[in-house]
Amino acid sequence: FYRSTIGELQSSFTVNQARPEEKDMNRQPLEGFRMHNLRDDRQAPLVEKVVELWTTQKVLTEPQARKRAEELLFVTMDEQNGDVAGVCTTYLGTPPALKMPLWHFRTFVAPDYRQNDVAYHLLHLAIDYHESQFVDGTNTSGRGLYMEIENPIIQRHRNEAVWPSSGMVFTGFNARGDHCRVRYFPGARIS
């Protein structure tokens, strides 16, 4: 059902924990930030800033960061200081439980920017990017966008079976117990 939840419903939120999709269904621009599409306009200085963010935050080692940089899709920059606020990557893969090619979405938001809806905007940009290419026939290799939610706070507080604005549907758990979600693109077929 559309308003179903996974686990217990978490109904008390502080202002900073409020669900972005309940704040504004129209996705207003993220003030004070600039979004860059690195898939279509790969800018070496921005890629280096992302690699630096991943390594200084100890998210990835230098070799891992260089490899992951090949999958960069969007980066969010703070307009005031030029810092990388957040980044998302996508790669084509086939989740074992779903057995179909999907764009795997990953995101990282720098700690200082985690209350600014950066991840929310990156998710929607990734959906819009890949879905538009699927619909217009530019790239139909992935039939939807797939993500695994590792963050236990998001698992607890964003436990709707279907996320309202993104349409990301809960599909089960992976081997680590992370929530798995998918958004199929219009016209996608199982085979």
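Visitor: Where is Glu31 found?

Guide: Glu31 sits in the loop between helix 1 (20-23) and strand 1. Keep in mind, as we go, that this is a predicted model.

Visitor: Is Glu31 buried or exposed?

Guide: The way to read this is through relative accessibility, where anything over 50% is called exposed. Glu31 has 74%, so Glu31 counts as exposed.

Visitor: What is Glu31's distance in space from Glu79?

Guide: Here you compare separation along the chain with separation in space. Glu31 and Glu79 are 48 residues apart in sequence, and their C-alpha atoms are 9.0 Å apart.

Visitor: Let us step back to the whole fold. How many helices and strands are there?

Guide: The protein has five helices and seven strands. Their order along the sequence is α-β-α-α-β-β-β-α-β-α-β-β. Of its 191 residues, 43% count as buried.

Visitor: Now for the rings. How many aromatic pairs does a search of the whole structure find?

Guide: The search finds four aromatic pairs. For each pair, look at the distance between ring centres and then at the angle between the planes; an angle over 60 degrees is called edge-to-face. One of them is formed by Phe33 and Tyr113, which is edge-to-face at 5.7 Å centre to centre, with 80° between the planes.

Visitor: Which parts of the chain does that pair link?

Guide: The pair links distant parts: Phe33 is in strand 1 (residues 33-37), while Tyr113 is in the loop between strand 4 (102-109) and helix 4 (118-136), 80 residues apart. Both partners can be checked for burial. Phe33 counts as buried because its relative accessibility is 14%, and Tyr113 is buried at 9%.

Visitor: Why is the pair of Phe74 and Tyr129 edge-to-face?

Guide: The ring centres of Phe74 and Tyr129 are 6.1 Å apart and their planes stand at 90°, so the pair is edge-to-face. Phe74 belongs to strand 2 (residues 72-78) and Tyr129 to helix 4, so the pair ties together parts 55 residues apart in sequence. Phe74 counts as buried at 8% relative accessibility, and Tyr129 counts as buried at 11%.

Visitor: What lies over the face of Trp163?

Guide: That is Arg158, at 4.7 Å from the ring centre.

Visitor: Helix 4 has come up already. How many residues does helix 4 have, and how far does it reach?

Guide: Helix 4 has 19 residues and reaches 27 Å from its first C-alpha to its last, close to the 27 Å expected at 1.5 Å a residue. Just after helix 4 comes Gly137, with a positive phi of about 85°.

Visitor: Last, the pockets. What is the volume of the second largest pocket?

Guide: Rolling a probe the size of a water molecule over the atoms shows where empty space is left. The second largest pocket has a volume of about 210 Å³.

Visitor: Which element gives the most to its lining?

Guide: Helix 2 (residues 44-56) gives the most, with four residues. The lining of this pocket includes Lys49, Glu52, Asp83 and Tyr113. By class, the lining has five nonpolar, three polar and four charged residues.

Terms used: Residues numbered from 1 in each chain as written. Predicted model: local features only at pLDDT ≥ 70, side-chain atom pairs only at ≥ 80, totals over all residues. Heavy atoms only, no water. 1 Å grid on protein atoms, 1.4 Å probe; cavity = no way out; pocket = protein on both sides within 12 Å on 5 of 7 lines; lining within 4 Å. Points joined across faces, edges and corners; volume = space filled by probe spheres on them. Helix = DSSP H or I, 4+ residues; strand = E, 2+ residues; numbered from the N terminus. Nonpolar A, V, L, I, M, F, W, Y, C, P; charged D, E, K, R; others polar. Phe/Tyr/Trp six-rings, centres within 6.5 Å; stacked < 30°, edge-to-face > 60°. Buried < 20%, exposed > 50% of the residue type's maximum accessible area, 1.4 Å probe, protein only. Lys NZ or Arg CZ within 6 Å of the ring centre and 35° of its normal. Expected span 1.5 Å × (residues − 1).
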